[in-house]
Amino acid sequence: MGATVSQDDNDSDCHTHQSPINIWTKMALYDPFLKPLKIQYDPTTSRKIVNLGHCFNVEFDDTSDMSVLSDGPLNSRYRLRQFHFHWGSSDKDGSEHVIDGNVYPAELHIVYWNSQKYESFEEAAKHPDGLAVIGVLKLTNRITLNLVSLLIQGKEHSFTKYNLARLLPNDLDYWTYHGSLTTEPYFECVTWIVLQRAIPISSAQLTRFRGLLCTSEYEKPVPIMENHRPVQLLHDRVVRSSRL
Ligand SMILES: C[C@H](CNC(=O)c1ccc(S(N)(=O)=O)cc1)Cn1ccc2ccccc21
Ligand SMILES: [Zn+2]
């Protein structure tokens with residue numbers, strides 16, 4: 001005699017941990033057990049920068065634990081895979097996460113995968129604790145990414161010895177929550193770590209982002225005007241903060 005498990009309707013929606021979200025900072029819960037982020041980075045792991053058509057990724061050699069993220073809200077060691085950006089068609093939008101209703105002109109995502117538990121990025125992407133992504137709102141205009149070489153889709157460019165530290169603020173306080181990839185296939189496999197320190201971006205840098213084309217050299221040039229997903233419902237989640 002099997003017990004019948006009744007589920008009320010909204011539980012049956014299995015997409016309740018989607019990203020990005022609006023972070024209401026007054027509702028975030030200070031968690032004293034959250035550790036400081038431990039970011040170890042080896043500049044020799046940066047490999048190439050590639051235009052994927054809807055954005056561009058700076059890709060790293062993730063065949064061994066050379067550039068890793070640990071501690072913070074994480075229980076494992078996560079290996080650096082790539083970083084990329086989201087931007088908008090004007091300076092008024094562009095970031096994916098929104099803070100107290102404020103949208104920023106761009107957002108950097110630094111993508112790591114749990115190399116302690118899983119064999120590959122692709123395997124890790126199928127598990128709730130598979131990925132960790134650091135979100136940095138706005139960005140320093142210290143990014144001197146030479147994007148001209150990336151003008152058309154499919155182009156890639158060698159990109160070595162890039163010092164990731166240039167992209168990060170020195171204050172690494174963060175909000176954290178469980179969420180998803182913000183592009184197809186939206187897997188709910190991401191421990192999001194959104195840095196609380198936002199640093200200004202130069203509008204010249206934003207213009208360069210928008211100058212990137214999502215077309216090939218044979219098509220009519222179409223710029224990648226925007227690539228940010230709207231905010232999603234929080235459902236039963238709580239956002240924790242590393243700082244009171
Ligand atoms: C997800 C993966 C492709 N997507 C990403 O790598 C990715 C990374 C970060 C973000 S964000 N913006 O949230 O930081 C979004 C997407 C391919 N892939 C791996 C396994 C796999 C299985 C089926 C289909 C595609 C699959
Ligand atoms: Zn992203």
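How many aromatic pairs does a search of the whole structure find? The search finds three aromatic pairs. The structure is a predicted model, in which local features need pLDDT of at least 70, side-chain atom pairs count only at pLDDT 80 or more, and totals for chains, interfaces and linings use all residues. Residues are numbered from 1 along each chain as its sequence is written, chains are lettered from A and ligands numbered from 1 in the order in which they are written, and side-chain values use heavy atoms, with hydrogens and water left out.

**View 1. Protein donors of the zinc ion (ligand 2).** His 84 (NE2), His 86 (NE2) and His 109 (ND1) lie 2.0 Å from the zinc ion (ligand 2) as its protein donors. Donors are N, O and S atoms within 2.8 Å of the metal (3.2 Å for Na, K and Ca); water is not among the atoms, so sites may look incomplete. The site is tetrahedral, with angles of 98 to 116° among its four donor atoms; for four donors, this term requires all angles to lie between 85 and 135 degrees. Along the sequence, the donor residues follow the spacing H-x1-H-x22-H. His 86 in strand S7 (residues 78–87) and His 109 in strand S9 (residues 106–114) link distant parts of the chain, 23 residues apart. Strands (E, at least two residues) are DSSP runs, numbered from the N terminus. His 86 is buried, at 3% relative accessibility, and His 109 is buried at 1%. Buried means under 20% relative accessible area (1.4 Å probe, protein chains only).

**View 2. The aromatic pair of Tyr 41 and Phe 60.** A pair of aromatic rings is described by the distance of the centres and the angle of the planes. Rings of Phe, Tyr and Trp (its six-membered ring) pair if their centres lie within 6.5 Å; planes under 30 degrees apart count as stacked, over 60 as edge-to-face and the rest as tilted. The Tyr 41 and Phe 60 rings are edge-to-face because their planes stand at 75°, with the centres 5.9 Å apart. Tyr 41 lies in the loop between strand S3 (37–40) and strand S4 (46–51), and Phe 60 in strand S5 (residues 56–60), so the pair ties together parts that are 19 residues apart in sequence.

**View 3. The aromatic pair of Phe 60 and Phe 83.** This pair is tilted, with 5.8 Å from centre to centre and 45° between the planes. Phe 60 is buried at a relative accessible area of 6%, and Phe 83 is buried at 0%. Ring pairs link Tyr 41, Phe 60, Phe 83 and Phe 85 into a cluster.

Note on methods. Four donors count as tetrahedral if all angles lie between 85 and 135 degrees; four count as square planar and six as octahedral if opposite donors are over 155 degrees apart and all others between 65 and 115; anything else is irregular. Helices (H or I, at least four residues) and strands (E, at least two) are DSSP runs, numbered from the N terminus. Buried means under 20% relative accessible area, exposed over 50%, partly exposed in between (1.4 Å probe, protein chains only).
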